[in-house]
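Thanks, everyone, for making the time this morning.

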Amino acid sequence: MILRRAISSGRVFRCLAAAGLVIGAASAGAVALPGAAHADSEGFAPAASATIHPGVMVESPAGQCTSNFVFGDGDDLYLGQAAHCTGTGTASDTDGCKSSSLPIGTPIKIEGASQPGELVYNSWLAMAKDGKPDANTCGYNDFALVKIDPADRDKVSPTVPVFGGPTAIRTLGVPAGSTVYSYQNSSLRQGIGLLSPKQGLNLGDSAGGWTHEVATITPGVPGDSGSGFMDAAGNAFGVLSTLNLEPAPGTNGVGDLNRELAYANAHGMKGVVLQCGGPFHPPLPLPSLAGAPRADAASSDSDGETASAEEPEQSVSDGGHQAATPDRGLSITPKRSEPELSSQPGQQAPEKQPGLVGGL
């Protein structure tokens, strides 16, 4: 509980790689239906030869990010990305209900595609139009969909590189201490593929189940924004949104994919489901955080009770998660070579962390 509260109240950076930051040219609770469709039923390209897949870079005039998973509605295919990847506001814009974005219809360059994609959904724009989301939804719903041009459909595979999967979409919370996996592709790594697959731990869920705090080796950095996260069974559960600077530097905030996709289908999209990939087979060994703090190996409820990671998992819909302040601090916005740090009244702005965003 202490660890979760400390992380939830810490300052964070959104992991958006702006043009000025890119320094390399780099080309359990889950259900399969109705939240997902399998690759073998959709006529996708073989994973080994597909040029469009989870983890390819997506770029707009606002900046560059990593895609998370492939989605479909029976007619069109989409790549998921973070909503803030097309954000046009300032470095302190973290409330999606008040933040601005490039409009629907904006062309999005997709790595490996012959034609640009099209921004067809952005949670920030949807929430501004809705006008009724609660604070947790506004603070943590950071999801967008890019339509893949039909000319490139035969280049698409939903299989996550290195790991395989996703096998389904997770509908429950993720217990503290659970192993998580992610494939991240920031060009800050200068195309070194060995740095893309990540393994780590979920440190706890908060904000009514809207966000997961995770720690991986290495942490997500600018350009990794929007990357997908899977649990130990290959179930897709999250979208990389933020990089925490204090008091737990190097941890990441990951939006809950099940909630984000449900919101999208209720606010502009219809029948969009996760497209499942090939068999899930995490490589061994990967650097892990086995010796890191595990939040006492338990996930804590708001009423003070604890649920062991070995016990049955609690649904995010039963109200058993701690509420969190939606304003998570600072962000990295497009086309800024140096993020701006500001402090709340009576507080000194945090010092830049060597090796972390803002300290580069």
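Let me begin with a convention: two strands are said to pair if DSSP finds at least two bridges between them, and the strands themselves (E, at least two residues), like the helices (H or I, at least four residues), are DSSP runs numbered from the N terminus. Please keep in mind that this is a predicted model, in which local features need pLDDT of at least 70 and side-chain atom pairs count only at pLDDT 80 or more, while totals for chains, interfaces and linings use all residues. Residues are numbered from 1 along each chain as its sequence is written, and side-chain values use heavy atoms, with hydrogens and water left out.

Strand S11 (residues 168-170), by contrast, runs parallel to S16 and is joined to it by two bridges; here alanine 168 stands opposite asparagine 235.

By a nonpolar core I mean a set of buried Ala, Val, Leu, Ile, Met, Phe, Trp, Tyr and Cys residues joined through side-chain atoms within 4.5 Å. The largest one has 30 residues, of which Phe69, Phe71, Tyr121, Phe143, Leu145, Phe163 and Leu257 touch the most other members. Helix H2 (123-130), strand S12 (179-183), S16 and helix H4 (257-266) each supply at least two residues of this core, and H4 gives the most, with four residues. Apart from this core lies another, of 17 residues, among them Phe44, Cys85, Ile110 and Val156.

Finally, the charged pairs. With a salt bridge defined as a side-chain nitrogen of Lys or Arg within 4 Å of a carboxyl oxygen of Asp or Glu, how many does a search of the whole structure find? The search finds four. In one of them, arginine 170 meets aspartate 231 with the closest N and O atoms 2.7 Å apart; this pair links distant parts of the chain, strand S11 and strand S15, 61 residues apart, and both arginine 170 and aspartate 231 are buried.

Lysine 147 forms another with aspartate 76, the closest N and O atoms being 3.9 Å apart, and this pair joins strand S10 (residues 144-147) to the loop between strands S6 (70-72) and S7 (77-81), 71 residues away. Lysine 147 counts as partly exposed at 24% relative accessibility, as does aspartate 76 at 22%. Asp152, Asp154 and Lys155 are linked in a network of salt bridges, in which aspartate 154 and lysine 155 meet at 4.0 Å, N to O. Aspartate 154 is exposed, with a relative accessible area of 58%, whereas lysine 155 is partly exposed at 26%.

How values were computed
Buried < 20%, exposed > 50% of the residue type's maximum accessible area, 1.4 Å probe, protein only.
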